Amino acid sequence: MSTTVMPNSWNINTKPHKFCPGCGHGHVLRALGEAIDDIDIQDRTVFGCDIGCSLLAWDFFNIDSIQTHHGRTTPVMVGIVRANPSLIGIAYMGDGGGYAIGAQHLVNSANRNDKILVVLVNNTNYGMTGGQMAPTTLPGQVTETTPYGRDALETGAPTQGPELVAAITGENAYVARGTVSNLRQLKKYFKKALENVQEGNGFSFVEVLATCPTNWRTNAKDTWKFLEENMASYFKVGEYKVPPTKREG
Amino acid sequence: MEKPIQEEKRVFMTGNEVVAWGALAAQADIMYGYPITPQNEIMHYWTRLAPKYGKSFLQTEDELSAGFATIGGVLAGKRSFSATAGPGNTLFQEPISMAEMMRIPMVVAIQQRGGPSTATVIYSQQEVNMTTYGGNGEGLRIVYSTATHQELFDYTIKAFNNAWKYRFPAFILGDGYQAKMREPLIMYNPEEKGIEMVKPDVSLGKEGVPGKDRDPVYLRNAYSMEEELFEVLMPMIEEYNKVSPEIEEHFSLGCEDADLIIVSHGIVSRAAMAAEEELRKEGIKVGLFRPITLRPFPEGAIREICKSTPNILIVESANGQLARLVKEALFGLPINMQAIFKPGVGITSEEIIKFIKSKKTEEIIAK
Ligand SMILES: Cc1ncc(C[n+]2csc(CCOP(=O)(O)OP(=O)(O)O)c2C)c(N)n1
Ligand code: SF4
Ligand SMILES: [Mg+2]
């Protein structure tokens, strides 16, 4: 357990949280909570979580929240902010939710430049359903549905989400890939992404490389190694699109 | 801003146009839609009218998105609606099941087309099963099957009001014929007529800082334990059953002394009504029962009628979808049932008259 204080936007009454020990989700939500605190938008934010392990965050924040269906968090948040544009909608989902079953929503919402933030947790598998292949599963990676390792020729190469979203969004979008191994950077990305939404400027998308020791079947050391070596070699951390208003220098 | 409809106005328009005006009259705020025939013109009229009255529209990427975004609009506290048909209705079942579970008053106009699959864009009554009991749920919905343009207008207003009053998703179930044909009707401002418009309330994004000024709102549809779900679901089912008699509506004609009762819904009941009148002139005692709400089904009313007249003829443009609802409602009564099922095809009064005069039915009538 981290000894640092909890973000104000967290609901202490629902802590400790429901994720497995060593899970990346908790770290992502810490960085997100701190970013929400820093720009002081707790009263205007609405949080939506998907089905997948993200659903375990349904009562995580001191923020009005809704748990939706697998892949459908993006359209629910779009519906909310279209009806009440003064709200800041955050759609929180896994890689299966965002890149497989809900890919059409991600692509079209990005293309429409909807004023929402999509946070997508890339843990290279379907965590909640017991570790099947996800669009982000690495070549050779063993999952329950790729027991001999993912064959990229048969099932495709890992989806490059931020690259895709950056390619289809206009210049007012903010697109980045962070990692739970660098929370300070991740928080910075979240802040920029949220400000971009708050300013009514554009669509924001942050993918986060995250750990799933339960389904990876890794100990603490190997978990970190898989994140920082295997995943990092396929998924490049950084900002993929920064709107003119958010560019530094 | 000017009200869309000030005083009563006699108009002549297509059913799709009527639904758009009905939604305006019901003070709908936002429509989320995806094109599909035969409902397209609901969107076309709405997008033309909406900006004049400060209303919004979003064309989504598919019906899943249209349905879930409609839910989002409701959660933000706005009267939100959509319209669909056929394969679009199929996709809509996923968001509708969430609306059912979470008591989200979404409103959807459905203009039935031929099925299964893509079939025709023209007409049918084959979306009864799906609209009443689709999705992985218990059918906790309000479904109005309209027969005239006046009803399309009236029940669009009622769908919004009863959705928000009872917090069950509500549907205006029309069809391709109603969507496309022109008919006269009277449009009105419901409040001028003394119809109280049920006010929407905000679910997410209420005033104040959650955790400081008030508790945060947490909405979910996933539960970890069987008992947990049961505890949530049973009161919902009980409430639905309790309010059902208030919601149920039907129309009946000449049932008191009838030897045979035609049961039909929607536009087919117009042919049935014409047949009833024609046969009566010839001294053949026929009655008509028409459920207006297909969910909740007016079970008490039809049972009462069929206690004295056990002979029924079910007529529908589907292969027994209405019949299934009727049989369930009449379970246990000694019923003699005949049927005209024409899936995906219109039915005329002549066909009904011919059928009734045919040999089989003569025996019933001569009884
Ligand atoms: C329509 C639908 N299909 C399938 C499922 C089953 N399901 C639940 S969670 C999940 C995968 C979750 O994986 P991901 O989105 O990567 O989230 P994670 O658990 O890894 O965080 C699936 C397939 C479902 N709930 N709904
Ligand atoms: S299964 Fe994986 S993603 Fe889900 S809570 Fe456990 S560690 Fe986290
Ligand atoms: Mg995952």
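Domain bounds, as used here, come from an automatic or database domain assignment. For chain B, that assignment gives domain 1 (9–193) and domain 2 (252–365). Taken over C-alpha atoms, the centres of domain 1 of chain B and domain 2 of chain B are separated by 27 Å. Contact, meaning heavy atoms within 4.5 Å, takes in 28 residues from domain 1 of chain B and 23 residues from domain 2 of chain B.

The model is predicted, so local features need pLDDT of at least 70 and side-chain atom pairs count only at pLDDT 80 or more, while totals for chains, interfaces and linings use all residues. Residues are numbered from 1 along each chain as its sequence is written, chains are lettered from A and ligands numbered from 1 in the order in which they are written, and side-chain values use heavy atoms, with hydrogens and water left out.

Helices (H or I, at least four residues) and strands (E, at least two) are DSSP runs, numbered from the N terminus. In helix α2 (residues 40–49) of chain B, the buried residues are Asn40(B), Ile42(B), Met43(B), Trp46(B) and Leu49(B). Buried means under 20% relative accessible area, exposed over 50%, and partly exposed in between (1.4 Å probe, protein chains only). An α-helix has 3.6 residues a turn, so residues three or four places apart point the same way. The cover over the buried residues of α2(B) includes α1 (15–25), β2 (30–33), β3 (56–59), β4 (80–84) and β5 (107–112) of chain B. Helix α6 (residues 149–166) of chain B holds Asn161(B), which counts as buried because its relative accessibility is 7%. Residues up to four places away in sequence aside, Asn161(B) touches Ile195(B), Glu196(B), Met197(B) and Val198(B).

Over all chains, the structure holds zero disulfides, a disulfide being a pair of cysteine sulfur atoms within 2.5 Å. Cys49(A), for instance, is in no disulfide, and the nearest cysteine sulfur, that of Cys53(A), is 11 Å away. Cys49(A) counts as buried because its relative accessibility is 0%.

Two further buried residues of chain A have contacts from elsewhere in the sequence. Arg177(A), in strand β7 (residues 174–179) of chain A, counts as buried because its relative accessibility is 0%. Beyond neighbours within four places in sequence, the contacts of Arg177(A) include Gln160(A), Glu163(A), Tyr189(A), Glu207(A) and Tyr240(A). Leu87(A) sits in the loop between α2 (73–83) and β3 (88–94) of chain A and counts as buried because its relative accessibility is 6%. With neighbours within four places again left aside, Leu87(A) is in contact with Arg44(A), Val46(A), Ile80(A), Val81(A), Leu204(B) and Gly205(B).

A cis peptide bond joins Lys15(A) to Pro16(A), with omega about 5°, and Pro16(A) lies in the segment before α1 (24–39) of chain A. Another cis peptide bond joins Arg295(B) to Pro296(B), with omega about -15°. Asp40(A), a residue other than glycine, has a positive phi near 55° and counts as exposed because its relative accessibility is 62%.
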